[in-house]
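Take a moment to look over the sequence and the model. Then let us walk through the fold step by step.

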Amino acid sequence: MSKENSHKAEEFKGKAKAAAGKATNDESLQAEGKADVVQAKGKEAGEKAKDAARGVANSLKDSPES
């Protein structure tokens with residue numbers, strides 16, 4: 001499983017946990033689920049930033065020197 005898919009799975013799990021907390025009036029479970037969603041989105045954003053940095057580094061490495 002790729003990291004992106006892993007982060008999406010974590011996000012989905014968090015959303016499910018938050019929904020279960022809301023359905024059962026369990027504020028703690030709902031908050032935990034929301035925190036899981038935020039954490040997964042943060043990880044995904046970090047991976048995208050790393051990929052963008054690698055792309056810039058590769059384009060600089062491949063460009064002819066002036």
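This is a predicted model: local features need pLDDT of at least 70, side-chain atom pairs count only at pLDDT 80 or more; totals for chains, interfaces and linings use all residues.

Next to look at is D26. One of its side-chain oxygens reaches to within 3.2 Å of the backbone nitrogen of S28, at the start of α2.

Now step back to the whole protein. How many helices and strands does the protein have? There are two helices and zero strands. The radius of gyration is 18 Å, while the globule rule gives 11 Å for 66 residues, so the protein is more spread out than a compact globule. The box around the C-alpha atoms tells its own story: it is roughly 65 × 20 × 10 Å along the principal axes.

Take α1 on its own. This helix has 21 residues. From its first C-alpha to its last it reaches 30 Å, close to the 30 Å expected at 1.5 Å a residue. Which residues of α1 are buried? They are H7, E11, G14, K17, A18 and G21. Seen down the axis of α1, these buried residues fall within an arc of 125 degrees, so they line one face of the helix. An α-helix has 3.6 residues a turn, so residues three or four places apart point the same way. On the other side of α1, F12, K13 and A23 are exposed.

What covers the buried face? The cover over the buried residues of α1 includes α2. Helix α2 runs over residues 27–62 and has 36 residues. It reaches 53 Å from its first C-alpha to its last, close to the 52 Å expected. Its buried residues are Q30, G33, D36, V37, A40, E44 and E47. They pack against α1.

Zoom in on D36, which sits in helix α2. Is D36 buried or exposed? Buried means under 20% relative accessible area. D36 has 17% relative accessibility, so D36 counts as buried. Leaving out residues up to four places away in sequence, D36 touches G14 and K17. Both G14 and K17 are among the buried residues of α1.

Finish with the totals. Buried residues make up 20% of the 66 residues. Of the contacts with a separation of 6 or more, 43% come from residues 24 or more positions apart. The protein exposes about 5,000 Å², and carbon and sulfur atoms supply 56% of that area.

Notes. Residues are numbered from 1 along each chain as its sequence is written. Side-chain values use heavy atoms; hydrogens and water are left out. Helices (H or I, at least four residues) and strands (E, at least two) are DSSP runs, numbered from the N terminus. The expected span of a helix is 1.5 Å times one less than its number of residues. Buried means under 20% relative accessible area, exposed over 50%, partly exposed in between (1.4 Å probe, protein chains only). Contact means heavy atoms within 4.5 Å. A polar contact is a pair of N or O atoms within 3.5 Å; within protein, one must be able to donate a hydrogen and the other to accept it, and residues adjacent in sequence count only if both atoms are side-chain atoms. The radius of gyration is taken over C-alpha atoms; the globule rule is 2.2 Å times the number of residues to the power 0.38. Accessible areas come from the Shrake-Rupley method with a 1.4 Å probe; for residues, only the protein chains shown count as cover. The arc is that of the directions from the helix axis to the C-beta atoms.
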